[in-house]
Amino acid sequence: MSVASVSEQGGRIVVALEGEIDLENAPKVRKALLDCLKRKLDVLVDLAGVTYIDSSGIASLIEGLQTAKKQQTDLALVSVSQRARRVLELARLDRVFTIHADLAAALAQQAKG
């Protein structure tokens with residue numbers, strides 16, 4: 001399993017991922033992210049349930065971020081699991097992605113801004 005759910009909350013699309021995001025599952029994640037971005041809404045990617053992510057999974061997230069920037073929307077990460085955070089930090093991508101502690105914080109920040 002890779003894409004657990006897709007929902008809309010507070011005018012944003014929330015894509016919850018779970019399990020291993022690896023070479024086998026990354027194409028499903030990529031497709032889900034790009035399909036959501038076609039709706040021209042900001043996307044929050046919930047990584048709380050991710051137990052493992054490799055370079056192909058990271059590449060899917062980066063492609064989603066680049067697509068969002070091109071269309072002037074946003075793609076941010078929420079509830080990043082410790083294992084996923086470690087991979088992001090090693091690649092210095094924790095400086096590239098907006099990372100929120102949890103979904104409530106991400107939605108609250110949007111309400112302010």
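**Exercise 1. Which residues does the salt bridge of Asp-42 join, and which parts of the chain does the pair tie together?**

Solution. Start with the side chains: Asp-42 and Arg-12 meet in a salt bridge, at 4.0 Å from N to O. The term asks for a side-chain nitrogen of Lys or Arg within 4 Å of a carboxyl oxygen of Asp or Glu.

A word on the model: it is predicted, so local features need pLDDT of at least 70 and side-chain atom pairs count only at pLDDT 80 or more, while totals for chains, interfaces and linings use all residues. Residues are numbered from 1 along each chain as its sequence is written, and side-chain values use heavy atoms, leaving out hydrogens and water.

**Exercise 2. In what order do the strands of the sheet lie, and which are the edge strands?**

Solution. Helices (H or I, at least four residues) and strands (E, at least two) are DSSP runs, numbered from the N terminus. Two strands pair if DSSP finds at least two bridges between them.

- The open sheet has 5 strands in the order β1-β2-β3-β4-β5, with mixed pairing.
- At the edges are β1 (3-9) and β5 (98-100), each pairing on one side only.
- β1 and β2 run antiparallel and are joined by 6 bridges; Ser-7 has Val-14 in β2 as its bridge partner.
- Their hairpin has 2 residues between the strands, and Gly-10 there takes a positive phi near 60°.
- β2 (residues 12-21) and β3 (residues 43-53) run parallel, joined by 8 bridges; Ile-21 has Ile-53 in β3 as its bridge partner.

**Exercise 3. At what angle do α1 and α2 pack, and which residues meet?**

Solution. Take the geometry to begin with: α1 (residues 26-37) and α2 (residues 55-70) pack at about 10°, with axes 9 Å apart. Axes are lines fitted to C-alpha atoms, for helices over the stretch in contact, and angles run from 0 to 180 degrees between N-to-C directions. The two helices are therefore roughly parallel, a label for angles under 35 degrees.

Now the contact (heavy atoms within 4.5 Å): residues of α1 including Val-29, Leu-33 and Leu-37 meet residues of α2 including Gly-57, Leu-61 and Ala-68.

Terms used:
Parallel < 35°, antiparallel > 145°, perpendicular 65-115°, else oblique.
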